[in-house]
Amino acid sequence: MTSGSILRSVVTGVGGYLPEKVVTNADLEKIVDTNDAWIVERTGIRRRHWAEEGQFTSDLAVEAAGKALAAAGRSAADVDLIIVATTTPDLTFPATAAIVQRKLGCPIGVAFDVQAVCSGFVYALSVADGFVARGMSKCALVIGAETMSRLMDWTDRGTCVLFGDGAGAVVLEPAAGQGTTADRGLLGFALRADGTKQDLLYVDGGPSSTGTVGKLRMQGNHVFKHAVINIAEAVEGAAAAAGVAVADVDWFIPHQANQRILAGVAHRLGVSEDKVVSTIAEHANTSAASIPLALAKAVEDGRVRPGQLLLMEAMGGGLTWGACVLRF
Ligand code: ACO
């Protein structure tokens with residue numbers, strides 16, 4: 001990239017929230033024909049969190065957003081843009097982002113949802129970058145928030161053990177950069193979708209088709225095969241768009257779907273698994289929330305530090321997939 005003064009979207013705060021209720025694999029054994037050894041061996045998942053009855057996606061989002069704002073030294077009064085990536089909105093409308101705006105007490109601004117399922121957070125970051133790096137937002141909240149437990153078919157043991165509830169958020173603010181890869185901020189994206197693969201992973205209901213919410217359906221082994229190939233290609237695409245080498249990345253912050261997918265992608269890219277942040281054991285697949293949850297954990301425990309080069313990647317229903325390079 002040629003140098004010169006440009007606006008960058010810089011992450012100034014990160015926050016994660018998991019509901020209090022913990023459900024271990026052993027707990028699931030009581031309601032589903034499964035066992036801890038199968039789940040751990042095939043997925044790496046040890047526990048997940050479930051939202052309480054009456055606790056909605058927006059409530060999880062508000063908790064994560066509050067932590068991200070505090071970390072950024074900002075308050076709700078500063079927020080002029082809220083984007084929530086979710087596939088489990090409180091209501092068909094209004095957007096969960098508008099509900100979050102009301103619950104946080106933010107002033108009138110822009111608020112809408114992005115629906116790209118597990119890729120939602122990466123998609124939402126790219127949309128927010130369009131506002132922040134054009135000077136249209138001074139303080140943006142990008143939130144991934146999900147109550148995936150509400151989409152489970154508890155008679156389908158191949159899917160219901162894989163998902164959990166949670167939320168993660170980042171604050172994005174504009175900062176002047178030189179237009180080089182040394183700049184802090186979002187540096188490059190690769191976003192993809194292939195609607196012909198809908199049958200591999202979808203929810204079998206919706207307001208316009210069945211008038212119901214529906215349940216999650218997945219051909220897990222087919223999704224698995226696409227995941228490793230697609231994600232690796234998107235990682236290379238995002239690195240090229242940013243003008244960095246995959247080998248330069250300090251930390252990979254992947255969507256937490258399956259430990260074997262994380263390992264498979266790392267192997268395909270020739271990346272050491274030591275550089276891959278994995279939190280799947282603690283919260284299972286929280287769809288759009290999983291990347292900011294993993295980022296929040298790695299910031300909190302001191303692994304991710306300002307100035308480091310991060311690469312976030314995901315794949316989900318659609319199929320959608322994508323990756324993003326960020327200098328933290
Ligand atoms: N407990 C015990 N046994 C089970 C369970 C369970 N929860 N689920 C399935 N089994 C059994 C099956 O019945 C089958 O038994 P059989 O051989 O007697 O017929 C056996 O385990 C193997 O089943 P498979 O479905 O072939 O298992 P596989 O090795 O493919 O693992 C899994 C399944 C974990 C779902 C894997 O395919 C996977 O992780 N796929 C990717 C899914 C994913 O990550 N999706 C999310 C990405 S996108 C997003 O995040 C929305």
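Predicted model: local features only at pLDDT ≥ 70, side-chain atom pairs only at ≥ 80, totals over all residues.
Student: OK. How far is the side chain of Asn258 from an oxygen atom of the ligand?
Tutor: An N or O atom in the Asn258 side chain is 2.4 Å from a ligand oxygen atom. With the cut-off at 3.5 Å, that pair is therefore a polar contact.

Student: And how much of the ligand does the protein bury?
Tutor: The protein buries 72% of the 1,000 Å² that the ligand exposes when taken alone.

Student: Which backbone atoms lie by a nitrogen atom of the ligand?
Tutor: A backbone N or O atom of Arg157 lies 2.8 Å from a nitrogen atom of the ligand. For Gly220, a backbone N or O atom is 2.9 Å from a ligand nitrogen atom.

Student: How many residues surround the ligand, and which are the closest?
Tutor: The ligand is surrounded by 24 residues. Thr34, Arg42, Cys118, Asn258 and Asn285 are the closest.

Student: What's the shell like by class?
Tutor: It has eleven nonpolar residues, nine polar and four charged.

Student: Which helices and strands supply at least two residues each?
Tutor: Helices H2 (36-43), H6 (157-160), H7 (220-242) and H8 (259-269) do, and so does strand S12 (309-316). H7 gives the largest share of the shell, four residues.

Student: Where does the ligand lie relative to the domains, and why?
Tutor: The ligand lies between domain 1 (6-177) and domain 2 (185-327), because both give residues to the shell around it.

Student: Switching to H4. Which of its residues are buried?
Tutor: In H4, residues 96-104, the buried ones are Thr96, Ala97, Ile99, Val100, Gln101 and Leu104.

Student: What covers them?
Tutor: The cover includes helix H3 (57-72) and strands S4 (81-85), S5 (110-114) and S6 (140-147).

Student: And what follows H4?
Tutor: Gly105, with a positive phi near 80°.

Student: S6 came up. Is Thr147, in that strand, buried or exposed?
Tutor: Thr147 lies in S6. Its relative accessible area is 4%, so Thr147 is buried. Apart from neighbours within four places in sequence, Thr147 is in contact with Ala51, Gln55, Phe56, Thr57, Leu60, Thr88 and Asp165.

Student: What about Phe131, buried or exposed?
Tutor: Phe131 is in helix H5, residues 120-132. With the cut-off for buried at under 20%, Phe131 counts as buried because its relative accessible area is 17%.

Student: Which residues is Phe131 in contact with, leaving aside neighbours within four places in sequence?
Tutor: Leu81, Val110, Phe112, Met136 and Ser137.

Student: How far is Phe131 from His283?
Tutor: The two are 152 residues apart in sequence, and their C-alpha atoms are 31 Å apart in space.

Student: Now the backbone. Where is a cis peptide bond?
Tutor: One joins Phe93 and Pro94, with omega about 5°. Pro94 is in the loop between S4 and H4. Another cis bond joins Gly318 and Leu319, where omega is about -10°. Leu319 sits in the loop between S12 and strand S13 (320-327).

Student: Which residues other than glycine have a positive phi?
Tutor: Among them are Ala284, with phi near 55°, and Ser287, with phi near 50°. Ala284 is in the loop between helix H9 (280-283) and helix H10 (290-300). Ser287 also lies in the loop between H9 and H10.

Student: Are those buried or exposed?
Tutor: Ala284 has a relative accessible area of 0%, so it is buried. Ser287 is at 1% and counts as buried.

Methods
Residues numbered from 1 in each chain as written. Heavy atoms only, no water. Near = heavy atom within 4 Å. Polar contact = N/O pair within 3.5 Å; in protein donor to acceptor, adjacent residues only side chain to side chain. Areas by Shrake-Rupley, 256 points an atom, 1.4 Å probe, with all protein chains shown as cover. Nonpolar A, V, L, I, M, F, W, Y, C, P; charged D, E, K, R; others polar. Domains from an automatic or database assignment. Buried < 20%, exposed > 50% of the residue type's maximum accessible area, 1.4 Å probe, protein only. Contact = heavy atoms within 4.5 Å.
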